[in-house]
Amino acid sequence: MATKPAAPRIAMVGVGSMSGAILSGLLVSEGSSDGPIAVTTRSRASLEQFSGDDRVVAYAQEDDSEANRRAVANADVVVLGVKPWMVHDVLGELSSALNPGTIVVSVAAGVLTEGMQELVPDGVIVSRAMPNTPSHLGRGVTGVYGGPAASEADVERVRSIFATVGDVIVVERESQIDDVAAVSGSGPAYVYLFAEAMTGAAERLGFTADEARRLVQGTISGAAELMRQSDDDPTELRRRVTSPKGTTEQAILVLEQGGWDELFDRALAANVRRSQEIAAGE
């Protein structure tokens with residue numbers, strides 16, 4: 001029987017909304033980390049949320065200029081949860097505190113591994129991950145790119161961290177991280193935009209704001225759960241609701257006449273293009 005790999009020592013630099021969701025997933029996943037998870041926050045006030053939690057060792061930059069370096073010392077995996085424009089500066093700060101073999105995982109959009117790799121010592125592996133906001137509920141989808149220096153074991157170590165908050169897709173090319181960002185990273189916003197439009201249409205039919213909200217939110221969440229639990233693809237599920245010559249068919253025809261396929265192609269292309277612009281410093 002194969003021996004289960006030892007859990008890594010994990011550090012998280014910056015615990016914002018997304019990285020906070022990942023931390024929550026790690027904390028409820030027994031055996032995900034070898035010892036307490038080291039985290040850093042910018043303020044003393046943010047540090048208070050970890051008070052009394054022996055699963056976390058927290059450092060505030062407001063109190064300690066060496067907070068980030070202390071957190072990553074001896075870590076096997078470091079998750080960078082900082083804004084894209086901060087990544088290079090933070091890596092430069094951490095560089096001499098990272099040990100060979102450490103995996104640094106950035107969750108920032110548009111920051112390429114090539115530039116990050118130049119800022120860390122030889123033997124440190126730089127990877128990228130692109131999670132999404134349903135990770136807060138343990139229902140996220142994350143794309144992982146191991147990076148050119150990562151072994152299969154390194155990629156698996158990164159994958160296992162993000163698997164604590166949902167599904168994980170490992171991509172072979174770094175450019176695919178931009179595609180993941182366009183589809184699932186930004187995807188929740190597309191769903192909310194649809195909900196906004198459908199709620200407005202319901203109100204224009206005469207429903208109150210509360211009634212429209214309940215009709216739309218209940219329908220979207222229920223349909224999403226039905227799709228999640230079904231073995232059938234969305235096309236088949238839609239077909240079952242769309243009786244020939246029925247009312248649903250008429251609404252679907254109107255929506256399809258709007259050119260949804262082409263519209264989504266354009267929307268995702270614009271998203272990817274913006275990731276590329278960020279990578280170019282624009």
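**Reading helix packing and cores**

Mentor: Let us begin with a pair of helices, H8 and H9, whose crossing is right-handed; please keep in mind that the model is a predicted one.

Trainee: At roughly what angle do the axes of H8 and H9 cross?

Mentor: The axes of H8 and helix H9, which spans residues 209–229, cross at roughly 140 degrees and come within 9 Å. Only angles over 145 degrees count as roughly antiparallel, and so H8 is described as oblique to H9.

Trainee: Which residues make the contact of H8 with H9?

Mentor: From H8 the contact draws on Val 191, Phe 194, Ala 195, Met 198, Thr 199, Ala 202 and Glu 203, while H9 brings Ala 209, Ala 212, Arg 213, Val 216 and Ile 220. Sorted by class, these are nine nonpolar, one polar and two charged residues. When you look at such a list, remember that an α-helix has 3.6 residues a turn, so residues three or four places apart point the same way.

Trainee: How do the axes of H7 and H8 cross?

Mentor: Here the axes come within 5 Å and cross at roughly 30 degrees, which makes H7 roughly parallel to H8. Ala 182, Val 183, Ser 184 and Gly 185 of H7 meet Gly 187, Pro 188 and Tyr 190 of H8, and by class the contact has four nonpolar residues, three polar and no charged.

Trainee: Which residues of H7 are buried, and what do they pack against?

Mentor: Within H7, residues 175–185, the buried positions are Ile 177, Asp 178, Val 180, Ala 181, Ala 182 and Ser 184. Their packing partners are strands S6, S7 and S8 together with helices H8 and H12.

Trainee: Which residues touch the most other members of the largest nonpolar core?

Mentor: In that core of 24 residues, they are Met 12, Ile 37 and Phe 162. Several elements supply at least two residues each, including strand S1, helix H1 and helix H6. Setting aside neighbours within four places in sequence, Phe 162 has contacts that include Ile 22, Val 105, Ala 129 and Val 168. There is also a second, separate core of 22 residues, with Ala 71, Val 78, Met 116 and Val 126 among them.

Trainee: Is Val 57 buried or partly exposed?

Mentor: Because its relative accessibility is 32%, Val 57 counts as partly exposed. Val 57 belongs to strand S3, and, not counting residues up to four places away in sequence, Val 57 touches Pro 36, Ile 37, Ala 38 and Val 39. The C-alpha atoms of Val 57 and Ala 38 are separated by 4.7 Å, although these residues are 19 residues apart along the chain.

Notes: Residues numbered from 1 in each chain as written. Predicted model: local features only at pLDDT ≥ 70, side-chain atom pairs only at ≥ 80, totals over all residues. Heavy atoms only, no water. Buried < 20%, exposed > 50% of the residue type's maximum accessible area, 1.4 Å probe, protein only. Helix = DSSP H or I, 4+ residues; strand = E, 2+ residues; numbered from the N terminus. Contact = heavy atoms within 4.5 Å. Core = buried A, V, L, I, M, F, W, Y, C linked by side-chain atoms within 4.5 Å. Axes fitted to C-alpha atoms, helices over the stretch in contact; angles between N-to-C directions. Parallel < 35°, antiparallel > 145°, perpendicular 65-115°, else oblique. Left-handed = near helix turned anticlockwise from the far one by under 90°. Nonpolar A, V, L, I, M, F, W, Y, C, P; charged D, E, K, R; others polar.
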